[in-house]
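Reader: I am new to this structure. Please take me through one part of it closely.

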Amino acid sequence: MATAVFDTTDHTSLPRIDTDVDDRHGWGFALLLATTATLFVRPADLVPALDKWPIYQVLIVACLAVSARACARQLSHGRLVHRPITAALLLLVIAVGMSHLSHGFVWAARMSMLEVSKLIALYVLIIGLINTPTRLRFFVKWLTVAITTMASLVLLDKFGMVSIAALESIQDRGVIQNGVVEQVERIRGTGIFQDPNDFGLILVMGLVFCVSFLTKPRTGWVRYGWLAPTGVLLAALAMTHSRGALLSLICAVSTALCYFRGGKYGALALPGLSLLALAFSSRMSDFSAINQGTGQDRIQIWSESLSIWRQYPLFGLGEGLIADEIGVVTHNSFLHCYAELGFFGGTTFVACFLAAGFGLWSQRRPRSKPPEEEMPAAQAAREHSRLCGFLFAALMGCIAAMLTISRQFVAPTYLILGLVAAAISMPANASIPGLATGLRIGNRFLLLSLLASAGSLLLFYMTIRLFVRW
């Protein structure tokens with residue numbers, strides 16, 4: 001661990017680009033690791049006496065102070081042009097402010113922009129400090145261990161081996177049989193993962209990373225040690241009883257196949273992947289809820305949110321106000337942004353994920369030689385491409401889950417975007433001729449963002465018209 005944290009040398013034999021190491025002694029990266037750990041394993045949930053201690057806030061402020069130069073460099077004009085995710089996130093902060101200013105609410109605009117800026121700070125720390133392939137690989141492992149630790153604590157509490165009040169399971173609606181709604185017990189995580197659906201989303205991300213380490217070539221029998229955390233995460237996922245998490249898992253697996261094997265493999269695998277539902281609870285596999293139950297409730301909420309967007313099409317109702325207007329959140333992160341931030345804010349949010357997806361897809365490299373015949377530089381580039389493939393699967397799984405929950409302004413969303421942005425700008429592919437580097441700020445990116453935004457709104461509209469039952 002010490003080597004990964006404090007060694008800022010990029011050990012690949014390729015030329016270094018865009019990786020000026022401002023965190024030369026590694027203290028910023030070490031603080032980033034600590035900040036991430038407290039995000040997933042909240043100390044106050046384990047030791048209630050720490051409830052009043054702002055541990056996460058202190059750690060992230062200290063990390064920002066130590067890494068100020070590295071963070072400032074990420075906001076320069078040259079970096080923003082080549083990192084459309086960062087540019088879109090900065091526009092998102094402006095959109096949040098405009099959503100209130102358009103109604104004359106200056107104080108609300110200032111407070112909302114401040115809260116969203118705190119999330120952007122985590123993203124900037126990640127892209128500023130995870131600036132070598134070694135650090136990227138280590139951070140992904142650290143993140144996986146943190147998620148597994150949280151899942152392990154939840155399972156220990158579930159089976160009575162430990163007692164943690166914050167991890168107490170909740171009762172929720174299950175399947176409807178003969179007009180009677182069954183109750184199911186759903187586990188949940190610590191801190192910001194108190195909702196079982198949010199917990200399920202992050203468990204899928206951990207599973208994707210576990211599989212990446214489990215299938216890593218040339219690592220021998222050591223890789224089979226990742227079977228244990230894989231089992232823990234699968235067990236926890238099943239006990240969330242989250243249909244959104246199952247949808248996320250299916251999407252992650254199919255997109256991973258698309259990335260590594262081609263689109264036809266991903267498409268052909270979808271029918272088989274749907275059988276995954278049989279391995280989980282009846283609530284997770286009960287997709288009849290789209291006609292009655294929680295699934296239909298969500299579609300009706302989507303319809304109300306779309307009506308809100310029609311009333312305030314350009315800048316929206318105002319960030320954080322839709323729950324006051326219709327009584328609940330939208331349960332769709334993208335539609336939630338359109339309703340609260342208007343077409344301007346919704347488009348910038350969609351653009352973040354558009355740039356992330358294009359950037360990772362551009363890292364695909366077809367194998368031209370057997371691994372043993374490749375030069376070390378080509379092997380390093382291929383290993384980086386492989387990791388990008390699993391990041392792509394995690395990102396697509398995240399997007400699928402966000403279609404069923406409102407998680408547009410929570411730390412994990414910006415954590416995955418930061419990891420993707422960091423991976424895209426890694427130097428591992430710098431000397432490979434003809435290799436695409438993803439989108440950059442320009443007319444093409446603007447046009448694609450507008451088309452993706454319009455397409456998203458059209459898709460939401462058609463889904464509502466087809467499935468809503470009043």
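How near do the axes of helix α9 and helix α19 come, and at roughly what angle do they cross?

Author: This is a predicted model, in which local features need pLDDT of at least 70, side-chain atom pairs count only at pLDDT 80 or more, and totals for chains, interfaces and linings use all residues. Residues are numbered from 1 along each chain as its sequence is written, and side-chain values use heavy atoms, with hydrogens and water left out.

The axes of helix α9 (residues 133–158) and helix α19 (residues 411–424) come within 11 Å and cross at roughly 160°. Helices here are DSSP runs of H or I with at least four residues, numbered from the N terminus. Axes are lines fitted to C-alpha atoms over the stretch in contact, and angles run from 0 to 180 degrees between N-to-C directions. The crossing angle therefore makes α9 roughly antiparallel to α19, a term for angles over 145 degrees. The crossing of the two helices is left-handed, meaning that the near helix is turned anticlockwise from the far one by less than a right angle.

On the α9 side, L136, F139, V140 and L143 meet L415, L419 and A423 of α19; contact means heavy atoms within 4.5 Å. By class, the contact has 7 nonpolar, no polar and no charged residues. Nonpolar covers Ala, Val, Leu, Ile, Met, Phe, Trp, Tyr, Cys and Pro, charged covers Asp, Glu, Lys and Arg, and the others, Gly among them, count as polar.

Technical notes: Angles under 35 degrees count as roughly parallel, over 145 as roughly antiparallel, 65 to 115 as roughly perpendicular and the rest as oblique.
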